[in-house]
Amino acid sequence: MLFRSLGRIVRPLVARVDIRGLEHLPASGACIICPNHQSYLDAFLLCSLFPFPVFAQLFFVGAVEYFETDFTKWFARTANLVPVDPDSNLVPAMQAGAFGLAHGKILVLFPEGERSMDGTVRRFKKGAPILAQHLGVPIVPVAIKGAFDIWPRNRGLSWSRIMPWSGHRVTITIGEPMRFDESADYTESTRQLHDRVDALWRAN
C-alpha cells in the first residue's frame with residue numbers, strides 16, 4: 001500500500017496526469033509490466049493510477065544500491081520491492097522475478113535498467129523477455145512521457161513544471177499485451193518490446 005498511498009499524494013502535485021489503455025491490463029493472472037523509465041516519480045504514478053485489483057498483485061525488482069540504509073530497506077519490504085545487484089549477478093534478480101510470477105503476481109520491470117539520461121526510450125535489457133518466454137506470461141508495454149521534465153536524472157525537481165498554471169502534462173499509455181514463443185530469440189524479442197514502447201512514447 002505504501003507506493004499507492006505515496007502516489008496518491010504525489011499525483012495531484014504533478015501537473016496533469018493522463019492514463020490511456022487501462023483496458024489492456026490483464027484481468028487476472030501473472031504478467032510483466034514494462035514501462036520506460038523517466039524519473040523517480042514513475043513507480044509512484046503507476047501505482048496510484050492502476051486499478052486496485054492490479055495494484056494489489058504488483059511487485060518490483062530494484063537496484064540494491066538504492067536500498068542499503070535501514071529506512072530504505074524497510075521501504076523496500078513495505079513496497080513489495082526486491083533489491084538485487086544487477087551489475088554483479090543477474091541470477092538473483094531473475095529468480096526473484098520468476099518466483100513472484102510463478103505465484104500469479106504482476107512484476108513491474110523497467111527494462112532500461114536505469115532512468116533515461118534525456119527522456120527518450122533507451123536500450124532495453126533482455127530480462128523481461130527471458131522471464132516471459134520461460135514462464136509463458138505476457139508483457140504489457142507502457143510508455144511514460146512528461147515525467148522526465150519534472151524530475152530528470154541528475155537534476156533536482158523542476159518546481160515550475162508542477163505549478164497548476166504550467167500546463168505541463170504527464171501521459172501514461174498502456175499498450176496491448178505482447179506474447180513471445182518460448183523458442184524466440186531473446187535479442188529479437190527485446191527489440192520488439194523496445195520498439196513497441198518507443199512507438200507508444202512517440203505517439204503521446
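Leaving aside its neighbours within four places in sequence, which residues is S158 in contact with? You are looking at a predicted model, in which local features need pLDDT of at least 70 and side-chain atom pairs count only at pLDDT 80 or more, while totals for chains, interfaces and linings use all residues. Residues are numbered from 1 along each chain as its sequence is written, and side-chain values use heavy atoms, with hydrogens and water left out.

Now back to S158. Its partners beyond four places in sequence are D149 and I150, where contact means heavy atoms within 4.5 Å. S158 sits in the loop between α7 (147-150) and α8 (159-162). The helix and strand names come from DSSP runs, numbered from the N terminus: helices are H or I runs of at least four residues, and strands are E runs of at least two. With a relative accessibility of 18%, S158 counts as buried. Buried means under 20% relative accessible area, exposed means over 50%, and partly exposed is in between, using a 1.4 Å probe and protein chains only.

Let us step back to the whole protein. It has nine helices and seven strands. Of its 204 residues, 49% count as buried. Among contacts with a separation of 6 or more, 78% are between residues 24 or more positions apart. The accessible surface is about 10,500 Å², and carbon and sulfur atoms hold 56% of that; such areas come from the Shrake-Rupley method with a 1.4 Å probe, and for residues only the protein chains shown count as cover.

Five of its five residues are buried, so β2 is largely enclosed by the rest of the structure. In a regular strand the side chains alternate between the two faces of the sheet. Here C31, I33 and P35 point one way, I32 and C34 point the other way, and all are buried. What does β2 pair with? One partner is β5, in the parallel sense over three bridges, and C31 has I106 as its bridge partner there. Another is strand β6 (residues 139-145), also in the parallel sense, over four bridges, with I139 as the bridge partner of I32. Two strands pair if DSSP finds at least two bridges between them.

Leaving aside neighbours within four places in sequence, T120 is in contact with E112 and W201. In the helix α6 itself, G127, A128, P129, L131, A132 and Q133 are buried. After α6 comes G136, with a positive phi near 70°.

The C-alpha atom of T120 is 8.2 Å from that of D198, although the two residues are 78 apart along the chain. D198 is buried at 14% relative accessibility, and its side chain meets that of R202 in a salt bridge (2.8 Å, N to O). A salt bridge is a side-chain nitrogen of Lys or Arg within 4 Å of a carboxyl oxygen of Asp or Glu. R202 and D198 both lie in helix α9 (residues 186-203), four residues apart, about one turn of the helix. R202 is exposed, with a relative accessible area of 58%.

A search of the whole structure finds seven salt bridges. One of them joins the side chains of R169 and D18 (2.3 Å, N to O). R169 lies in strand β7 and D18 in strand β1 (residues 16-20), so this pair ties together parts that are 151 residues apart in sequence. R169 is partly exposed at 38% relative accessible area, whereas D18 is buried at 15%.

Finally, visit W165, in the loop between α8 and β7 (169-174). W165 is exposed, with a relative accessible area of 71%.
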